[in-house]
Amino acid sequence: MVECKNIKLSWENQPLESQIDNKKITIVAAKETNLFNSPSGYFKCCDFPFYSTKIVGDFIMTCQINPTFEKMYDLGCLIVWENKDKWIKFAYELTDSGYPGIVSIHTDVYSDDCNGPMMEGPCWFRISRNHNVFALHYSKDREYWNLARIFRMEMNDCIKVGIS
């Protein structure tokens, strides 16, 4: 569920399919799309569909994610975006370990990828910003929140936030 009042959302890289209503957004990406900057510097991928809005200053973004997992790296995620070299991806992904789990990627030129715990069924995700400190939390019940990652990342005051 995305609760946005008086917020304009727009696409970066159109998805293969999308369906949007007042309580649910479904996104189907084309095959082989990705968002990842290799830690070795060997490659960068930035062709993922991303539905976002501009935010100025501190924020808290919360969304329930329930992906359809068909193959490795299928995911649903929250995105914080400054540019192709500075972004955050907080995902519910079918990991290369063979299970659906919590994954966070912090990218400042190079991606720092971290697989977290296994998860089943729908899950709530939350990203919060306090100046240049970002906290990533997840929850099954929206009552108890687990910290996946907290870090400092220098970003512009005006950035894009959204889903993919």
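Which residues make the nonpolar surface patch of about 260 Å²? In this predicted model, the patch is made by Val 133, Leu 147 and Ile 150. Ile 150 is found in strand S14, which covers residues 146-152. The relative accessibility of Ile 150 is 52%. Ile 150 therefore counts as exposed, since the cut-off for that class is over 50%.

The overall fold was examined next. The chain holds 15 strands and zero helices. The C-alpha trace spans about 40 × 35 × 35 Å along its principal axes. The radius of gyration of the chain is 15 Å. A compact globule of 164 residues would have a value near 15 Å, so the two agree. Of the 164 residues, 41% are buried.

Aromatic contacts were then considered. A pair of aromatic rings is described by two quantities, the distance of the centres and the angle of the planes. The count comes to 10 aromatic pairs. One of them joins Phe 69 and Tyr 92. Their ring centres lie 5.3 Å apart, and the planes make an angle of 75 degrees. This pair is edge-to-face, because planes over 60 degrees apart fall in that class. Phe 69 lies in the loop between strand S7 (59-65) and strand S8 (75-83), while Tyr 92 sits in strand S9 (residues 86-94). The pair therefore ties together parts that are 23 residues apart in sequence. Phe 69 has a relative accessible area of 25% and is partly exposed. Tyr 92, with a relative accessible area of 1%, is buried.

Phe 90 and Phe 125 form another aromatic pair. The centre-to-centre distance is 4.7 Å. The planes stand at 70 degrees, and the pair is edge-to-face. Phe 90 belongs to strand S9 and Phe 125 to strand S12 (residues 123-130), so this contact ties together parts that are 35 residues apart in sequence. Phe 90 is at 0% relative accessibility and counts as buried. Phe 125 is buried too, with a relative accessible area of 0%. Both values fall below the cut-off, because buried means under 20% relative accessible area. Ring pairs link Phe 69, Phe 90, Tyr 92 and Phe 125 into a cluster.

Arginine side chains also meet aromatic rings. Arg 126 lies over the face of Trp 145. The distance from the ring centre is 4.3 Å. Arg 142 lies over the face of Trp 124, at 4.2 Å from the ring centre.

Backbone geometry was inspected for positive phi values. Asn 13 has a phi near 55 degrees, a positive value in a residue other than glycine. Asn 13 is located in the loop between strand S1 (10-12) and strand S2 (17-20). With 38% relative accessibility, Asn 13 counts as partly exposed. Val 109 is not a glycine, yet has a positive phi of about 80 degrees. Val 109 lies in the loop between strand S10 (100-108) and strand S11 (110-118). At 34% relative accessibility, Val 109 counts as partly exposed.

How values were computed
Residues numbered from 1 in each chain as written. Heavy atoms only, no water. Phe/Tyr/Trp six-rings, centres within 6.5 Å; stacked < 30°, edge-to-face > 60°. Helix = DSSP H or I, 4+ residues; strand = E, 2+ residues; numbered from the N terminus. Buried < 20%, exposed > 50% of the residue type's maximum accessible area, 1.4 Å probe, protein only. Lys NZ or Arg CZ within 6 Å of the ring centre and 35° of its normal. Patch = residues over 30% accessible without salt bridge, like charges linked within 9 Å, V, L, I, M, F, W, Y side chains within 5 Å. Areas by Shrake-Rupley, 256 points an atom, 1.4 Å probe, with all protein chains shown as cover. Salt bridge = Lys/Arg side-chain N within 4 Å of Asp/Glu carboxyl O. Rg over C-alpha atoms; globule rule 2.2 N^0.38 Å.
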